Amino acid sequence: MDYCIQDFGAKPENKNNAIYIQNAINMASQEQGRVIIPKGIYKTGTIILKDNITLYLEEGAVLKASDDISDFDITKKDNHTSLEVPSFINCDYNGKPTLYFIYGENLHNITISGSGTIDGNESIFYGYQDEYFIDGAFYPRMPLLFLENIHHLEIKEVTLANSAFWTTHLVGCEEVHIHHMKIRNNLKLANCDGIDPDHCHHVHIHDCDIITGDDAIVFKNTMAYQKYGDCYDINVHDCNLQSTSGAIKFGSESFNDFYDIKVENITITDTNRGITLQLRDKGNIHDCHFSNINISTKVGPKPYFWGYGEPIALSAVNRNDDIPVGRIYHLQFKDITMDSENGLFLYGEERNRIEDISFENLSLHLHKKTKWDIDQHDLRPYDKKPFLKGKVNLLYLRNASHIHFKNFTYSLEDSIKPYYDSDFDIQDAIDINI
């Protein structure tokens, strides 16, 4: 049965339609019905989802976050903090937001669908701005979707736009299907990740088109939600990704293990890093597969977004002395084409932190694309030494073992040679076969 929010009092001219939309959701939940957002722009505060509903946005419908930040403070704790330093320097986050837009917890059978748009109204959260970068006024800000412990979740066809923080934060969710969805975020805005499966399992993401100013698809194991266990059994394929940070990322929040994750048939364009595994905490990353991926990376505006044009970057270092770092091991990269300003980067903190990695059928074309210098490697977040001085290599490797390359071809244009050091810069390594 359908429940149109207009029948409950929602109107485009209202400053906050939350009470009317919430009444429609509460009624639809009793009948396993659809909540219809019709054509028009409907501003709203926090919306709390219920069991067994479909939130359906018709063509031309926009569900937009209201202009009043207090409309999203459902905990009434006001516990977000002003930024003492920019978020690109320190953005440690335990996973718990302080504000909520579309929110659901401990639910079954949720669908968000339709050809309309959910708009996070990002500008109300702005802080520092310049030509290349927008930071938030405080941290953490409001995710567009925050869904915790949802069983049987489907998100399809909708457009998610203008999020000021993680766009789709899924915590401890299982049996998740996300497909034919668009994300359109500001490429200058920090921390507006695309899809963040956090301690999730049995997740299928495909045919999505994501443009966002931070990591596009990023697997997390945040500290606050360790009770949900590992992040595993995830399949991502046939997606187009663009980001001013990492397109496919693991971490940096990594308090549990990541495994049985497959990423296939992906196109990555104009991104700081293509595939980046940032292990900074006690969890491990293992038994994951990456194949048939086209990667185009470039160096972004310094120092705002992490990375320096690496198509593949693996690092295992502890973010601070309080937490020992885990290991990255038993990964496969196959059939990957890279058009980049930088080479591959593998960096472990001590011997054998990165082990048993196979690369097969890799093609790397290096050339200069941007005006930014390439004179260091980026290990943020890492208190000891966030940057390593160094020029471009095909492969920069530290503290790794059993790394095997088969059929690795490359080419260099003259434009990259002023920034180029040597083909391979390898130290503290065992059994490296190229």
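1. Let's start with a loop: Pro 303 sits between strand S26 (285-297) and strand S27 (312-316). Strands here are DSSP runs of E with at least two residues, numbered from the N terminus. The bond joining Lys 302 to Pro 303 is a cis peptide bond, with omega about -5°.

2. A word on what you are looking at. This is a predicted model, in which local features need pLDDT of at least 70 and side-chain atom pairs count only at pLDDT 80 or more, while totals for chains, interfaces and linings use all residues. Residues are numbered from 1 along each chain as its sequence is written, and side-chain values use heavy atoms, with hydrogens and water left out.

3. Where is the other cis peptide bond to look at, the one with Pro 381? It runs from Arg 380 to Pro 381, and its omega is near -5°. Pro 381 belongs to the loop between strand S31 (376-378) and strand S32 (387-389). Most peptide bonds are trans, and most residues other than glycine have a negative phi.

4. Two residues have a positive phi without being glycine. Asn 162, with phi about 55°, is in the loop between strand S14 (159-161) and strand S15 (168-171). Asp 356 has a phi near 55°, but its place is in strand S30. Asn 162 counts as partly exposed at 27% relative accessibility, and Asp 356 is partly exposed at 39%. (Buried means under 20% relative accessible area, exposed over 50%, and partly exposed in between, using a 1.4 Å probe and protein chains only.)

5. Strand S30 (residues 354-366) pairs in the parallel sense with strand S28 (residues 328-340) over 11 bridges. Pairing requires that DSSP finds at least two bridges between the strands. Here Tyr 329 has Glu 355 in S30 as its bridge partner.

6. Is Thr 271 buried or exposed? Thr 271 is buried, with a relative accessible area of 0%, and it belongs to strand S24 (residues 258-271). Leaving out residues up to four places away in sequence, its contacts (heavy atoms within 4.5 Å) include Leu 241, Ser 243, Gly 246 and Thr 297. A polar atom of the Thr 271 side chain lies 2.7 Å from the backbone oxygen of Thr 269.

7. How many salt bridges does a search of the whole structure find? The search finds 17, where a salt bridge is a side-chain nitrogen of Lys or Arg within 4 Å of a carboxyl oxygen of Asp or Glu. Lys 220 and Glu 253 meet in one of them, at 2.6 Å from N to O. That pair links distant parts of the chain, with Lys 220 in strand S21 (residues 217-221) and Glu 253 in strand S23 (residues 246-254), 33 residues apart. Lys 220 is buried at 3%, and Glu 253 is buried at 6%.

8. Asp 321 forms a salt bridge with Lys 384, with the closest N and O atoms 3.7 Å apart. Asp 321 is in the loop between S27 and S28 and Lys 384 in the loop between S31 and S32, so the pair ties together parts 63 residues apart in sequence. Asp 321 counts as exposed at 64% relative accessibility. Glu 349 joins Asp 321 and Lys 384 in a network of salt bridges.

Technical notes: Helix = DSSP H or I, 4+ residues; strand = E, 2+ residues; numbered from the N terminus. Polar contact = N/O pair within 3.5 Å; in protein donor to acceptor, adjacent residues only side chain to side chain.
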